[in-house]
Amino acid sequence: MTFELWLLVGAGALLVPGAGLLGYGAVSLKASAAERLFYRYASRLDRHASFLMLGSTGTEIARLQVLLCVALLFASFLSRSWAVVAVAFFAAATPLLVLARKHRERVAKLEGQLDTWLLMLANALKATPSVGEAIASTVALVPAPFSEEVDLLVKELHLGAPLDRALRSSGRRINSTVISGAFATIIIARKTGGDLPGTLQRASAALREATRLEGVLRTKTAEGRGQVLVLASLPFVLCIVIAWLNRTWFDPMLSHGLGRGILLACGLAWLVAVIWAQQIAKADLR
């Protein structure tokens, strides 16, 4: 056997297992990336589901989504219907969007009940010097969903967690700057030995005033957004009316380069004006 033939056989012997190892590595890498992506998505679902106190975990919801999407895609392959594919995409995107919206709504409800809870806590501290006991006494007084969060806080205290750590943990769980600030006020006033009931009463009054001002601001900005919508739609309405009265009115602008350039400049000016007006109308107290 010549040297060239031996070289060819050796190269073939190395090529076959090398290609197999390369294919296995590519498949393993793809599986690992897909697994990381799945668990990252499941952790996001689990964070929302835990905050909303649902009976299912994020991993269970994600697995159910995967099974449903696979079944729908298989059904679309059999039926050759794009409507089933659209339903599969809807099933893939809806749970996270719905849970995120429910999360925001729950945080908004908690922020709306914060001033009431602070006032209840201040009154409870006038009867007992223990902050933990005062917090526990407000569970039956404050309405849901704030009572559920306070109940979790009290259970964490019963398990032996320090009050400061339990308050910080609850603030991270809710993830609201307003509520975290209120909890930080309790921690600081408790450590500095100040008048905690008076501090909480002043904080409650400040929150009520901020809520009132935010309501006024929301009303005014809603009026501004409505005016922006009306003003932004007027050019299109005017063009439609003119084209309906005279179909050849815009022909010089559409058939010449100068006219198209003017039309493009007007469109860019309209887009910049709408974005600018929307940013002005999005004013917030926070």
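## Exercise 1: A histidine in a helix

H103 sits in helix α3, which covers residues 82–125. Keep in mind that you're looking at a predicted model.

**Task.** Work out whether H103 counts as buried or exposed, and find which residues H103 is in contact with, leaving aside its neighbours within four places in sequence.

**Solution.** 
- Step 1: Look up the relative accessibility of H103, which is 13%.
- Step 2: Compare with the cut-off: buried means under 20%. So H103 counts as buried, at 13%.
- Step 3: Skip the neighbours within four places in sequence, and the contacts of H103 are H48, F51, L52 and I174.

## Exercise 2: One side of a helix

**Solution.** 
- Step 1: Now list the buried residues of α5: F146, S147, E149, V150, L153, V154 and L157.

## Exercise 3: Backbone spotting

**Task.** Which peptide bond is cis, and what is phi at G160 and at N175?

**Solution.** 
- Step 1: Go to the loop between α4 (131–137) and α5, where you'll find P145. The bond from A144 to P145 is the cis one, with omega near 10°.
- Step 2: Move to just after α5, where G160 has a positive phi of about 100°.
- Step 3: N175 is in the loop between α6 (163–174) and α7 (177–192). Its phi is near 60°, positive even though N175 isn't a glycine.
- Step 4: Exposed means over 50%, so N175 counts as exposed at 63% relative accessibility.

## Exercise 4: Two helices side by side

**Task.** Describe how α7 and α8 are arranged and name the residues that meet.

**Solution.** 
- Step 1: The axes of α7 and α8 (residues 196–245) come within 10 Å and cross at roughly 160°.
- Step 2: Angles over 145 degrees count as roughly antiparallel, so that's how α7 and α8 are related.
- Step 3: The crossing of the pair α7 and α8 is right-handed.
- Step 4: V178, T185, I186 and A189 on the α7 side meet L196, T199, L200 and L207 on the α8 side.

Key: Residues numbered from 1 in each chain as written. Predicted model: local features only at pLDDT ≥ 70, side-chain atom pairs only at ≥ 80, totals over all residues. Heavy atoms only, no water. Buried < 20%, exposed > 50% of the residue type's maximum accessible area, 1.4 Å probe, protein only. Helix = DSSP H or I, 4+ residues; strand = E, 2+ residues; numbered from the N terminus. Contact = heavy atoms within 4.5 Å. Axes fitted to C-alpha atoms, helices over the stretch in contact; angles between N-to-C directions. Parallel < 35°, antiparallel > 145°, perpendicular 65-115°, else oblique. Left-handed = near helix turned anticlockwise from the far one by under 90°.
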